[in-house]
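Have the viewer open as you read.

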Amino acid sequence: MSIVSIDVRRARTEDAAEIAAVHDAAWRYAYRGILRGIDLERMIQRRGPAWWEKALKRNVMMLVVEVQHRIVGYATLGPSRMHNLPFGGEIYELYVTPEFQGVGLGRRLFEAAFETLERIDLKGLAVRAVKANDLAVGFYEHLGGRPVAESGETIGDRELAVAIFGWPPINAD
Ligand SMILES: CC(C)(COP(=O)(O)OP(=O)(O)OC[C@H]1O[C@@H](n2cnc3c(N)ncnc32)[C@H](O)[C@@H]1OP(=O)(O)O)[C@@H](O)C(=O)NCCC(=O)NCCS
């Protein structure tokens, strides 16, 4: 019998290179065909290990999921940037490396992020997802996200429609 260890924990500065590798693989997988190749390449280059190290040193709130001590997914989270919506917290990004998708790690990260936000009194959750990213939209719908608003984002030469999903507080009182 083999036991696989899975752990969700706060990210540390020394995780920067592994997180950059997850970002690289997951973004290529998710945005190929949605973004122009050159724009995708530019965005990935910009977010190398040094960028992540700087973000972690600034104490950005970030969780990672490890399988057998290898980082295979991450989530960044904090106060919602959508002040017109009644959600205190936001997951800014949530990515799982392609070969580890579909085995429950995205859900683990999502639930840990939601709970972390609630613990620091950011009640209710909002997430933005590019509409053309079927993986993300299907995932958030499946996890009970209600489409609450729409927005847009310009990346390179593309105008991308963005869906905003909302969840009420876990422990509504
Ligand atoms: C979206 C993403 C994070 C999902 O992670 P994952 O590890 O593959 O998802 P899980 O295996 O934890 O799935 C959790 C549940 O959602 C369901 N699910 C996952 N993706 C789905 C989809 N596209 N459509 C419908 N249901 C989906 C699973 O069947 C599972 O259901 P269950 O727990 O009830 O059995 C992952 O596919 C990913 O990183 N994609 C690329 C990056 C991305 O789009 N990130 C989000 C942008 S913010």
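## Around the ligand

Helix 5 gives the largest share of the shell around the ligand, 6 residues. Helices here are DSSP runs of H or I with at least four residues, strands are runs of E with at least two, and both are numbered from the N terminus.

Of the 22 residues around the ligand, Gln101, Gly106, Arg107, Ala136 and Gly138 come nearest; to be near, a residue needs its C-beta atom, placed from the backbone, within 6 Å. By class, the shell has 12 nonpolar, 7 polar and 3 charged residues. Nonpolar covers Ala, Val, Leu, Ile, Met, Phe, Trp, Tyr, Cys and Pro, charged covers Asp, Glu, Lys and Arg, and the others, Gly among them, are polar.

## Ground rules

This is a predicted model: local features need pLDDT of at least 70, side-chain atom pairs count only at pLDDT 80 or more, and totals for chains, interfaces and linings use all residues. Numbering starts from 1 along each chain as its sequence is written.

## The chain overall

There are 5 helices and 7 strands in the chain, and from the N terminus on they run β-α-α-α-β-β-β-α-β-α-β-β. The C-alpha trace spans about 45 × 40 × 35 Å along its principal axes.
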